[in-house]
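Colleague: Can you walk me through this one? I'm new to reading models.

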Amino acid sequence: MSSLINKTFSIAKSENRPALLTYTVAGDNTKKKSLEILKSISNYADICELGFPHNTPIADGGQIQTSAYRAIKNGIKINDVFSIAKNFKKVKRNKPIILMGYYNIIFQYNEDKFIKKCKKSKVDGLIVVDLPYPENKAFALKCKKKKINFIQLISPTTSRNRLKQIIRDSHDMIYYISMLSTTGGKLKVSTKKILSEYKKIKKLDKSKYVVIGFGITGKTIKSLKKADGLVVGSAICKEITNSIKKRQNAVINVTNVVKKLKNKIK
Amino acid sequence: MKLKKKIPLIDQHDRYGFWGSKFGGSFIPETLKKPIEDLTHEFSKLRNNKNFLKKRDFYFRNYIGSPTSFVKLENLSNHLGGAQIWAKVVSEANGGAHKIYNATVHALICKAMGKKYIVGDTGAGYAGKMLSMAAKKFGLKCKIFMGVKDIKRQKPNCDAMRENGAEIVPVYSGSQTLVDAVSECMRYWVSNCDTTHMCVGSTVGPNIFVKICGWSTAQISRELKIQIKQKFKKIPKKIKLINCVGGGSSAYGFWSEFIDFNKSQIELIGVEAGGPKRSKLHAAPLSRNAKIGILHGAASYVCQNNEGQINDTESISAGLDYPGVSPIHCFLKDTKRARYTYATDEDALKAYMMVTKFEKLNPSLEPSHAFAEAIKIAPKLSQDTIIIVNSCGDAKKDRDILRERLGKN
């Protein structure tokens, strides 16, 4: 049986557009608010990535760090993250949700218990930023057995040999990091170059869906629309920060941002 | 879990980089896989390259000033009674601390790899100061990441970094200390790994950084072994090697040649930062039984909460104020080869006062933690016991803190 993630990509494909993936941090800025944001933006987003925050994130830029610190400060616990996911899936059964974060949180929770809880909360996929290939093979296999997509990351520094191995062992979806950067950096390579790297990955295995992330904003999203999917994270987290500063409704503002992004790639 | 003999501890890891199959590893984002592989490859080549070793030894001798002296602390020993207390005065090294070994080796590697930029983290400011010195010496552009709290409390070292032409990047996130400086430095490297070399300031971080740092500081114990033989004709029957442990680079360097010895002959004692006496916060993951966790790319004992969030730490000593510790010290702990304990801020200050009162020695707050343990155990030990403390840093950088806490310069 095809996964919900696969189905979502093929629907987007049939509509001749890339899937839009959003990233928000669970509990930013409160548990309740982040669930509301998730529900609202998923009217436009195809797949929602939900970050479980960590206080020493070594691959995140300022915007996502700010969101993560804010969520932790407001008391988010890993079980809250699962309950946000679960409550989201209750109303949006057909929207894939992907949890994303750092390995220590999973390690402390216990790998098996974590996967079990994901399954119970109807989580569709997992991205673990600091558990690279091949160290992640055992964990990825455990996920696969429970029909949870373990999403491998590929970066511009990934060698060709490694690329082949990673793709061979990947599940439905692969995440291509557009450039050498933490999240939310300014796009410092041309979108043309990014797409040519993207095509190299696709050529190796057409059956895998490849999304591009890092540095994608309203300005750059359109020129990358040939990809299977595009991830926007920092631009959304930034909007939450701005809304809080201006004492405006974050749900409405963030939804508008996502709506605009979607319109650009339709 | 077992230690192997005749193999340097830094090389006793499995193919994934784990010591004792659970400490260390490389928990890194995909982007860093390639630069870390390149560095691993380069280092394994260089450490077997005669020319490179010649160069290293040349700079260790002529630039760092090896060997540093090994002296008996006659007055302190007499005052306390019991064991003889000796010091390996590593603070005599150029720049005033052991951090110069790692910094010099990293600068040489950076040159060998054809990179022009080098970045590093610092807590007490010594790692940063030394890296800025080495960068200047070898013509490299240098950026140092440092927590805002540390920039304030270790001003003399910051002044030195700036004088050497390095840029200090203040880190405002989190607790604004070493832990955040390391995170920010790693983030910078993720974004600039194609042109820039990263130096991790201690035996922490992804596997290869533990190895390079340990390989560099091992010079301390190579010297000490010769010096002990010179002073005592042969290795005495009862030795205790006491060293402070933050990340653990000076302790590993101080011990590496002696790990193969029987523990009843040479005991290894690591002293962590216990923090203020009445505070719940500390920086002592080994001696206060923290759980294993992943921090800055490696698995080690880490001060953290049940959820896996890294705890704030507190210590008077910026150099020890770190929630994690080297995976090789975790391995030494679990194999019971080394014993770990802690000293509080107050213990360290008292030790500092006593040492400076009796001896012509000015240990910084980090080795003052080690002296606190030496002072505590010496009176209970026999006179043929030789306690050796690694006085791995000079207190010049602690001027402001000492003035505030002790009312003197």
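Modeller: Here is a short chat about chain B and one of its helices.
Modeller: This is a predicted model, where local features need pLDDT of at least 70, side-chain atom pairs count only at pLDDT 80 or more, and totals for chains, interfaces and linings use all residues. Residues are numbered from 1 along each chain as its sequence is written, while chains are lettered from A and ligands numbered from 1 in the order in which they are written.

Colleague: What pLDDT does chain B average?
Modeller: The average is 96, and 100% of the residues score at least 70. pLDDT is the predictor's confidence in each residue, from 0 to 100.

Colleague: How is chain B divided?
Modeller: Into domain 1 (30-52 + 99-214) and domain 2 (65-96 + 218-406). Those bounds come from an automatic or database domain assignment.

Colleague: How many residues does the contact take from each domain of chain B?
Modeller: It takes 31 from domain 1 of chain B and 33 from domain 2 of chain B. Contact means C-beta atoms, placed from the backbone, within 7 Å.

Colleague: New topic. Is α5(B) mostly covered or uncovered?
Modeller: Mostly covered: 10 of its 12 residues are buried. Buried means 20 or more other C-beta atoms within 10 Å of the residue's own, with C-beta atoms placed from the backbone. Helices are DSSP runs (H or I, at least four residues), and strands are too (E, at least two), numbered from the N terminus.

Colleague: Which elements cover the buried residues of α5(B)?
Modeller: Among them are α4, β5 (117-122) and β6 (141-147) of chain B.

Colleague: What comes just after α5(B)?
Modeller: B:Gly139 takes a positive phi of about 70 degrees there.

Terms used. Two residues are in contact if their C-beta atoms, placed from the backbone, lie within 7 Å.
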